[in-house]
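User: I am new to protein structures and would like to learn how to read one. Could we go through it feature by feature?

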Amino acid sequence: MSSSEPQDAATTSEVSKKAAKKEAAKLEKLRRRQELAAATAAASNLSVEDDPFAANYGDVPLVELQSKTPVDVNEWTRVEALDDSLANRPVLIRGRTQTIRPVGKKMAFLVIRENGFTVQCLVQAQPDSVSPQMVKFAAALSRESVVDVEGVVSIPAAPIKGATQQVEIQVKKLFCVSRAVPTLPINLEDAARSDVEIEKAIQAGEQLVRVNQDTRLNFRVLDLRTPANQGIFRIQSQVGNVFRQFLLAENFVEIHTPKLIAGSSEGGAAVFRLDYKGHPACLAQSPQLHKQMSICGDFGRVFEIGPVFRAEDSFTHRHLCEFTGLDVEMEIKKHYFEVMDVVDRLFVAMFDSLNQNCKKDLEAVANQYPFEPLKYLRNTLRLTYEEGIQMLKEVGVEIEPFGDLNTEAERKLGQLVLEKYGTEFYILHRYPLAIRPFYTMPCYDNPEYSNSFDVFIRGEEIISGAQRVHIPEFLEQRAQACGIEVKTISTYIDSFRYGAPPHGGFGVGLERVVMLFCGLNNIRKTSLYPRDPQRIAP
């Protein structure tokens with residue numbers, strides 16, 4: 001056998017896969033055409049002319065959409081609220097046409113979706129209200145169009161498998177508020193399909209369309225409509241809500257800091273530098289400097305939820321360069337453990353809230369991206385950096401005593417912690433000073449270590465925190481030692497000259513929390529509109 005034969009076989013295999021993918025795409029297009037043709041044929045030879053019920057359906061004229069007439073929005077019922085308590089009652093709903101299934105000339109089924117909840121609607125010709133022309137209009141609607149449906153709630157004899165709500169609406173009126181294009185760039189049914197389902201189909205000799213991540217992001221508005229994405233970003237909303245409400249209850253003050261600053265907030269290469277009217281400037285890597293200045297401003301405890309920027313993400317290969325920071329700063333009386341105490345209580349409360357209040361959203365995510373629920377303790381495990389290194393050494397992973405843990409080592413340590421302590425959420429503290437930012441306070445007993453900590457979920461970092469240096473002369477020394485021009489942060493350092501209490505804080509990556517809590521494999525899945533070196537739109 002020649003050395004080129006394996007390569008030729010691999011090439012042939014790759015060509016076969018591409019051919020199969022193209023064939024699947026062709027079949028999907030054909031299916032859509034046949035579906036549209038069936039709808040058109042089912043309603044052929046019908047005209048709106050001379051239809052006594054023409055006022056019960058149609059496209060809403062533009063003038064009616066220009067805020068022409070104030071109405072009571074309570075006239076509309078949310079799809080989520082449709083249940084058997086509304087049996088035999090008239091309702092008005094608004095939603096998207098998720099599926100359209102004509103059955104002959106006088107009947108069509110619509111599945112209407114609103115914010116992830118769906119209901120089946122029956123449009124059936126009736127001598128006193130619904131004409132065959134109206135059925136034709138319903139059958140010819142395009143998927144994802146926005147419609148108003150008016151009808152009567154009924155209880156079906158058998159469970160409805162294709163909708164979340166177990167009632168049916170007998171349609172009396174149907175109006176299209178906004179038509180989607182006839183052929184969508186991605187099919188939501190394909191975008192909502194799990195890899196498990198695709199692999200099972202392949203094993204059965206079938207070919208299903210797989211929508212890749214870049215295609216999803218190119219048509220993000222459509223991709224966001226899938227059940228999993230609806231779940232992901234509702235979970236993310238809950239994370240932010242718990243974060244805010246917990247800290248407000250702990251007497252923290254919410255602040256909003258500038259994102260354009262004169263000097264680097266953390267140093268290093270991960271800085272977006274720019275020219276600001278002839279002066280060097282950069283986008284804030286974190287609100288760190290202004291959080292500390294606010295403590296000097298006598299607020300005592302502050303937090304912020306807002307965008308932060310990095311030219312690269314050293315914690316993941318995904319190169320996310322803009323994300324959402326959840327940041328906290330607080331006075332401490334004696335020890336940086338006071339900050340860790342807040343982390344402990346905050347995140348246990350957050351995880352409890354997600355598990356209790358986001359069950360349907362977590363289920364929607366798990367249906368497409370299967371994952372095991374996060375394991376965590378009521379009192380969060382704390383290990384010193386040296387203890388973590390020792391655990392790694394015991395299984396043959398060598399780490400420099402004063403070096404940083406790489407991603408592989410962090411994941412391995414997470415696995416060891418899970419096996420030994422039964423938790424996937426823990427705190428590692430007392431890091432080497434050399435790998436921490438310039439404003440980190442060294443340990444009292446060994447200046448090679450620092451009063452700092454990182455927090456991990458499933459073996460990946462979500463939080464970095466520490467006690468800060470609040471002595472201005474010492475802060476200048478630390479900045480110079482870390483290669484930061486002191487003059488670029490002079491106002492920050494000067495703020496400590498007017499009396500500054502000991503303090504500490506931490507920063508959390510919102511997208512990372514959601515990604516790891518839900519066991520996802522790509523941070524772009526939890527970024528609403530990702531920004532990275534290759535993407536600045538949509």
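User: How many bridges join strand S7 to strand S11?

Analyst: Strands of a sheet pair through backbone hydrogen bonds, either parallel or antiparallel. In this predicted model, strand S7 (residues 253-254) and strand S11 (residues 301-309) run parallel and are joined by two bridges. Val253 is the residue that stands opposite Val302 in S11.

User: How many bridges join S11 to strand S12, and do they run parallel or antiparallel?

Analyst: S11 and strand S12 (residues 322-331) run antiparallel, with nine bridges joining them.

User: What is the order of the strands in the open sheet of three?

Analyst: The order is S8-S10-S9, and the pairing is antiparallel. Strand S8 (260-261) and strand S9 (273-276) are at the edges with a single partner strand each, so one side of each is left without a neighbour in the sheet. S8 pairs with strand S10 (residues 279-283) over two bridges, and Leu260 has Leu283 in S10 as its bridge partner. S9 pairs with S10 over four bridges; here the bridge partner of Arg273 is Cys282 in S10.

User: Which residue takes a positive phi in the hairpin of S9 and S10?

Analyst: That residue is Lys277, with a positive phi near 50 degrees, in a hairpin that has two residues between the strands. Another positive phi, of about 70 degrees, belongs to Asn88, although Asn88 is not a glycine. Asn88 lies in the loop between strand S1 (57-59) and strand S2 (90-102).

User: At what angle do the axes of helix H7 and helix H10 cross?

Analyst: Two packed helices are described by the angle between their axes and the distance between the axes. The axes of H7 (residues 227-249) and H10 (residues 359-368) cross at roughly 135 degrees and come within 8 Å. That angle makes H7 oblique to H10. The crossing of H7 and H10 is left-handed. Residues in the contact include Pro227, Ile232 and Ile235 of H7 and Leu362, Val365 and Gln368 of H10. By class, the contact of H7 with H10 has seven nonpolar, three polar and two charged residues.

User: How far apart are the axes of helix H11 and helix H12?

Analyst: The axes of H11 (residues 385-393) and H12 (residues 407-421) are 10 Å apart, and the helices pack at an angle of about 90 degrees. H11 is therefore roughly perpendicular to H12. Gly388, Met391 and Leu392 in H11 meet residues of H12, among them Ala409, Leu413 and Tyr421. The contact of H11 with H12 has seven nonpolar, one polar and two charged residues.

User: Which two residues does a cis peptide bond join?

Analyst: A cis peptide bond joins Ala537 and Pro538, with omega about 0 degrees. Pro538 lies in the segment after helix H15 (510-517).

User: What is the mean pLDDT of the protein chain?

Analyst: The mean pLDDT is 90, and 88% of the residues reach 70 or more. Over residues 1-12 the pLDDT is below 50, and this stretch has zero contacts in the model beyond near neighbours in sequence. Residues 313-320 also stay under 50, but the model has 19 contacts for them beyond four places in sequence. Where pLDDT is low, the predicted coordinates should not be read in detail.

Terms used. Residues are numbered from 1 along each chain as its sequence is written. This is a predicted model: local features need pLDDT of at least 70, side-chain atom pairs count only at pLDDT 80 or more; totals for chains, interfaces and linings use all residues. Side-chain values use heavy atoms; hydrogens and water are left out. Two strands pair if DSSP finds at least two bridges between them. Axes are lines fitted to C-alpha atoms, for helices over the stretch in contact, and angles run from 0 to 180 degrees between N-to-C directions. Angles under 35 degrees count as roughly parallel, over 145 as roughly antiparallel, 65 to 115 as roughly perpendicular and the rest as oblique. A crossing is left-handed if the near helix is turned anticlockwise from the far one by less than a right angle, and right-handed if clockwise. Contact means heavy atoms within 4.5 Å. Ala, Val, Leu, Ile, Met, Phe, Trp, Tyr, Cys and Pro count as nonpolar, Asp, Glu, Lys and Arg as charged, and the others, Gly among them, as polar. pLDDT is the predictor's confidence in each residue, from 0 to 100.
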